[in-house]
Amino acid sequence: MDYDLTEQQQDIIDLAYQLGQQKVKPVREHYDQTEEFPWPIMEEIRKSDLFGVYVPEGYGGLGGGTTELVLVTEQLSRACGGIALAVAASALCGIPVLLFGTPEQRKKWLPDLASGKRLGAFTITEPGAGSDATATKTTAKLDGDDYVLNGTKNFCSSGNAAELYCLFASTNPKRGARGISAFVVEKGTPGFSFGKKEHKMGIRASWTYDLVFNNCRIPKKNLLYKEGYGLFVAQNTFDCSRPESALRRWASRKARSMRPWPTSACASSSARRSRASRPSST
Ligand SMILES: Cc1cc2nc3c(=O)[nH]c(=O)nc-3n(C[C@H](O)[C@H](O)[C@H](O)COP(=O)(O)OP(=O)(O)OC[C@H]3O[C@@H](n4cnc5c(N)ncnc54)[C@H](O)[C@@H]3O)c2cc1C
């Protein structure tokens with residue numbers, strides 16, 4: 001088995017490293033101090049095709065997986081952990097859609113997440129349900145062709161900056177952990193609003209918000225997989241995202257002691273263009 005990085009993975013490292021050092025590093029202090037959301041940097045990441053490295057090509061991504069996502073956020077974290085978290089949070093919405101979405105759901109949401117046109121977020125935590133996600137109190141009650149959401153989520157990374165949210169709510173509170181289901185909720189849905197913003201001690205370029213659902217109606221077809229399988233969806237998502245999460249934190253801490261990454265001479269400004277410009281190996 002070949003454990004070496006592929007040429008495309010090396011290109012992704014080079015590109016994310018350069019973006020981090022050239023575009024993120026000079027402005028990271030500004031975003032950390034002001035807590036503004038780093039929209040201009042999001043635009044740079046979009047232009048570089050780095051939001052969708054883990055998304056199949058058929059949905060507008062680069063066709064990689066967990067490894068490619070790790071490589072991007074690791075390199076961005078070397079410049080700013082908060083900015084890298086926006087890419088990671090968006091993937092936390094894309095991954096469950098990719099793993100459990102129907103072909104229609106994938107077609108509807110993945111291209112925007114892959115291109116970075118819309119940022120994603122993942123919202124499972126509640127004031128009384130942190131480590132113990134089975135204590136989820138937010139409810140999703142089926143009413144005709146809609147689910148009606150009620151409850152409050154907290155600590156949602158990318159909070160008000162995101163536009164698509166993978167949300168977990170109980171469709172059957174009597175069943176406890178087996179009553180929790182996963183949904184996609186779009187920003188702007190009536191009854192969905194934002195509560196307080198957390199003012200953190202670090203990674204302040206990342207927005208962390210409470211989300212409030214007050215009789216928020218979402219179409220029944222926004223259910224991901226099956227009713228009662230929400231924690232299964234969450235655990236499988238974490239299986240794909242935890243390597244990224246670990247490397248992101250490690251890279252942020254180690255950044256000061258790391259030497260410059262050896263970039264290849266042919267690094268392009270887009271992972272897609274870079275790959276396209278390489279001669280085919282076949
Ligand atoms: C910056 C930031 C961003 C976040 N982003 C998101 C996000 O995008 N989406 C989202 O859904 N959530 C997010 N979270 C929430 C995060 O996932 C929770 O903070 C985490 O699940 C822990 O929950 P809690 O804070 O309620 O702590 P608690 O669950 O109350 O835990 C407090 C402490 O007790 C310990 N503990 C808990 N249970 C046990 C036990 N049974 N045995 C021994 N020790 C235990 C924990 O390890 C911890 O040290 C974010 C949090 C932060 C700080």
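Trainee: Which residues come nearest to the ligand?

Mentor: Thr125, Gly130, Ser131, Phe155 and Ser157 come nearest, out of 13 residues around the ligand. A residue counts as near when its C-beta atom, placed from the backbone, lies within 6 Å of the molecule or strand in question. This is a predicted model, in which local features need pLDDT of at least 70 and side-chain atom pairs count only at pLDDT 80 or more, while totals for chains, interfaces and linings use all residues. Residue numbers start from 1 along each chain as its sequence is written.

Trainee: Which strands each supply at least two residues of the shell around the ligand, and what classes of residue does that shell hold?

Mentor: Strand 1 (120–123) and strand 3 (146–157) each do so; strands are DSSP runs of E with at least two residues, helices are runs of H or I with at least four, and both are numbered from the N terminus. The shell has six nonpolar, six polar and one charged residue. Ala, Val, Leu, Ile, Met, Phe, Trp, Tyr, Cys and Pro count as nonpolar, Asp, Glu, Lys and Arg as charged, and the others, Gly among them, as polar.

Trainee: Why is the protein called as compact as a globular protein of its length?

Mentor: The protein has eight helices and eight strands. Its radius of gyration is 19 Å, close to the 19 Å from the globule rule for 282 residues, so the description applies. The radius is taken over C-alpha atoms, and the rule is 2.2 Å times the number of residues to the power 0.38.

Trainee: What are the domains, and how many residues of each are in contact with the other?

Mentor: The domain assignment, which is automatic or from a database, gives domain 1 (7–118 + 234–277) and domain 2 (120–228). Contacts link 25 residues of domain 1 with 24 residues of domain 2, where contact requires C-beta atoms, placed from the backbone, within 7 Å. Helix 5 gives the most to the side of domain 1 that touches domain 2, with 13 residues.

Trainee: Why does Ser170 count as buried?

Mentor: Ser170, in strand 4 (residues 164–170), has 25 C-beta neighbours inside 10 Å and therefore counts as buried. Leaving aside neighbours within four places in sequence, its contacts include Thr136, Thr138 and Gly179.

Trainee: Why is Ile203 called partly exposed?

Mentor: Ile203 has 19 other C-beta atoms within 10 Å, and therefore it is partly exposed. Ile203 lies in the loop between strand 6 (192–197) and strand 7 (208–219), and its phi is also positive, at about 35 degrees, although Ile203 is not a glycine.

Key:
Two residues are in contact if their C-beta atoms, placed from the backbone, lie within 7 Å. A residue is buried if 20 or more other C-beta atoms lie within 10 Å of its own, exposed if 12 or fewer, and partly exposed in between; C-beta atoms are placed from the backbone.
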